[in-house]
Amino acid sequence: MNIQTPDWVKHAVFYQIFPDRLAKGNPPPGTTYPHLPLEPWDSPPTVQGYKGGNLWGVIETLDYLQDLGITAIYFTPIFQSACNHRYHTHDYYQVDPMLGGNLAFFALLEAAHQRQIKIVLDGVFNHASRGFFHFNDILENGPHSPWVDWFKIQDWPLSAYDGSKPANYIGWANNRALPEFNHQNPDVREYIMQIAEYWIRLGVDGWRLDVPFCINVEGFWQEFRQRVKAINPEAYIVGEIWTNALQWLDGTQFDGVMNYLFTAPTIAFTAGDRVNLDLVRNSAYEPYPALDAASYASKIESLLHLYDWEIQLAQLNLLDSHDTARLVTIAQGDRPSVELATLLLMTFPGAPSIYYGDEIGLEGAIDPDCRRSFPSPEERDKSILSYHHKLIALRHQYRALRIGTYHVIFAEGLVYIFARQETDQTLIIALNAGEEAITVRCFPRNLNHIPKTLVYGQAEIEWSDNGDLRLQLPPRQGCILAPID
């Protein structure tokens with residue numbers, strides 16, 4: 001099968017935004033905008049509180065993101081809802097008024113596209129909310145509602161709010177606030193397809209699909225892909241799958257997934273026994289136990305053989321997200337762990353995704369703490385921002401870092417060295433995750449070009465006449481060798 005994925009994704013650098021927490025912007029004069037009690041911006045986040053971030057604030061941040069090198073934004077849900085994370089959708093056709101509504105979104109879409117920044121939205125299509133019109137009608141009219149077959153009703157009466165009584169309908173993860181759609185109903189299926197088509201027609205560049213593994217109706221995701229791609233063949237369809245996603249990555253469903261199979265070993269190698277197990281022990285991706293270089297190489301090579309290469313180049317690679325503790329906190333504040341992991345992220349096949357604030361050292365434990373507000377300029381770690389700038393710029397500069405082949409050259413102890421190679425371009429990336437400086441000698445073969453210029457990090461480099469490489473690597477540091485321009 002000839003698998004095709006969007007070409008732009010292969011060259012993209014994503015920025016994930018939790019819209020209530022990035023920035024509070026000012027709407028244009030005369031714009032109707034709700035004024036509601038908000039938590040203080042700098043106070044710890046709570047499960048139910050709002051900070052007041054909005055899409056006007058995102059627009060004001062676009063220059064910063066463009067300067068950073070961001071070329072795509074993935075938003076967690078923006079549609080009208082009754083919770084700060086907006087996974088409880090009330091209306092799939094209305095952007096939440098607290099975010100600025102549809103007016104702000106279309107202004108954002110235009111401003112982003114002017115900067116060549118793509119916009120990907122979060123599609124929550126497995127479940128809705130108790131405030132979703134069709135479900136609310138059932139609460140009002142019981143079995144007489146015309147929407148009864150839209151949800152998985154088990155018995156009467158429904159108890160949507162009183163936890164002392166059986167809900168009598170299926171909610172996602174047994175949460176009665178999230179009634180699951182009945183995807184066997186063709187009307188439900190058509191409703192979801194039309195939502196997907198509507199926003200793609202209006203210029204959205206793709207969908208990130210929330211818990212798509214919960215929708216197991218035969219042919220559902222194949223039809224979703226066909227209808228979305230019929231409008232925009234370059235639309236990106238990425239699923240939230242935390243484990244082996246082979247059944248969804250056959251070329252007929254998703255272009256890629258959130259690549260936690262990269263996340264877990266990368267954290268386990270770079271942070272090692274610094275990982276705070278209390279923050280990850282019950283997670284779905286398990287970035288532990290600590291890995292040495294050989295074990296890391298084995299997991300990475302297995303991952304790179306798991307999917308078709310076209311799919312590999314469209315994966316959404318990440319180190320953390322709104323669903324996990326932040327890496328800097330997982331690593332108990334160890335900055336070298338974060339830099340080494342970021343180096344691996346920015347040099348791996350697929351599109352790297354930065355969770356808002358990671359680039360300036362924002363900390364955060366498990367939800368809701370991982371959803372802190374973006375800090376003021378004086379609270380940002382400029383050294384972390386600096387190496388993000390450098391690594392993103394190098395990824396954009398060197399095509400081999402985006403679509404080149406990946407070859408492990410050396411993996412012993414805590415030293416890991418690999419090459420990214422295109423027809424006319426070769427780069428070597430080396431990491432020493434150990435606590436001591438080390439000198440290694442390796443024998444890279446079949447390189448089209450010998451990269452001799454140190455473009456990132458620190459190392460002493462010596463190439464022999466027969467092509468052997470001697471590297472002296474400082475402790476807890478990495479480097480990139482590139483061709484001479």
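On a 1 Å grid over the protein atoms alone, a pocket is an open set of points with protein on both sides within 12 Å along at least five of seven lines, whereas a cavity is a set of points where a 1.4 Å probe fits but cannot get out; lining residues have an atom within 4 Å of a point. The structure is a predicted model, in which local features need pLDDT of at least 70 and side-chain atom pairs count only at pLDDT 80 or more, while totals for chains, interfaces and linings use all residues. Residues are numbered from 1 along each chain as its sequence is written, and side-chain values use heavy atoms, with hydrogens and water left out.

The largest pocket holds about 1,000 Å³ of space, where a volume is the space filled by probe spheres set on the grid points, and points are joined across faces, edges and corners. Its lining comprises 42 residues, and those nearest the centre of the pocket are H85, H88, W172, D367 and R371. By class, 20 of the lining residues of the largest pocket are nonpolar, 14 polar and eight charged; Ala, Val, Leu, Ile, Met, Phe, Trp, Tyr, Cys and Pro count as nonpolar, Asp, Glu, Lys and Arg as charged, and the others, Gly among them, as polar.

One cavity of 30 Å³ or more is counted. The largest cavity contains about 130 Å³ of space. It is lined by 15 residues, with L319, D320, V338, T342 and D358 closest to its centre. Nine residues of the lining of the largest cavity are nonpolar, four polar and two charged. At least two lining residues of this cavity come from each of α10 (327–330), α11, β10 (351–355) and α12 (382–397). Helices (H or I, at least four residues) and strands (E, at least two) are DSSP runs numbered from the N terminus.

Two packed helices are described by the angle between their axes and the distance between the axes. Axes are lines fitted to C-alpha atoms, for helices over the stretch in contact, and angles run from 0 to 180 degrees between N-to-C directions. Helices α11 and α12 pack at an angle of about 15°, their axes lying 10 Å apart. That makes α11 roughly parallel to α12, given that angles under 35 degrees count as roughly parallel, over 145 as roughly antiparallel, 65 to 115 as roughly perpendicular and the rest as oblique. The crossing of α11 and α12 is right-handed; a crossing is right-handed if the near helix is turned clockwise from the far one by less than a right angle, and left-handed if anticlockwise. In α11, R335, V338, E339, T342, L343, L345 and M346 meet I384, Y387, H388, L391, I392 and R395 of α12, contact meaning heavy atoms within 4.5 Å. This contact of α11 with α12 has eight nonpolar, two polar and three charged residues.

Helix α11 (residues 335–346) also packs with helix α7 (residues 260–270); their axes come within 9 Å and cross at roughly 140°. α7 and α11 are therefore oblique to each other, and their crossing is right-handed. On the α7 side, F262, T266, F269 and T270 meet S337, L340, A341, L344 and L345 in α11. Six residues of the contact of α7 with α11 are nonpolar, three are polar and none is charged.

Helix α12 packs with helix α2 (residues 55–68) at an angle of about 60°, with the axes 9 Å apart. α2 and α12 are therefore oblique to each other. Y64, D67 and L68 in α2 meet L385, H388, H389 and I392 in α12. The contact of α2 with α12 has four nonpolar residues, two polar and one charged.

Backbone features were examined in the loops. W156 and P157 are joined by a cis peptide bond with omega of about -5°, and P157 lies in the loop between α4 (133–141) and α5 (186–201). The loop between α4 and α5 also holds N168, which has a positive phi of about 70° although it is not a glycine. A cis peptide bond with omega of about 0° joins Y288 and P289, and P289 is found in the loop between α7 and α8 (293–306).
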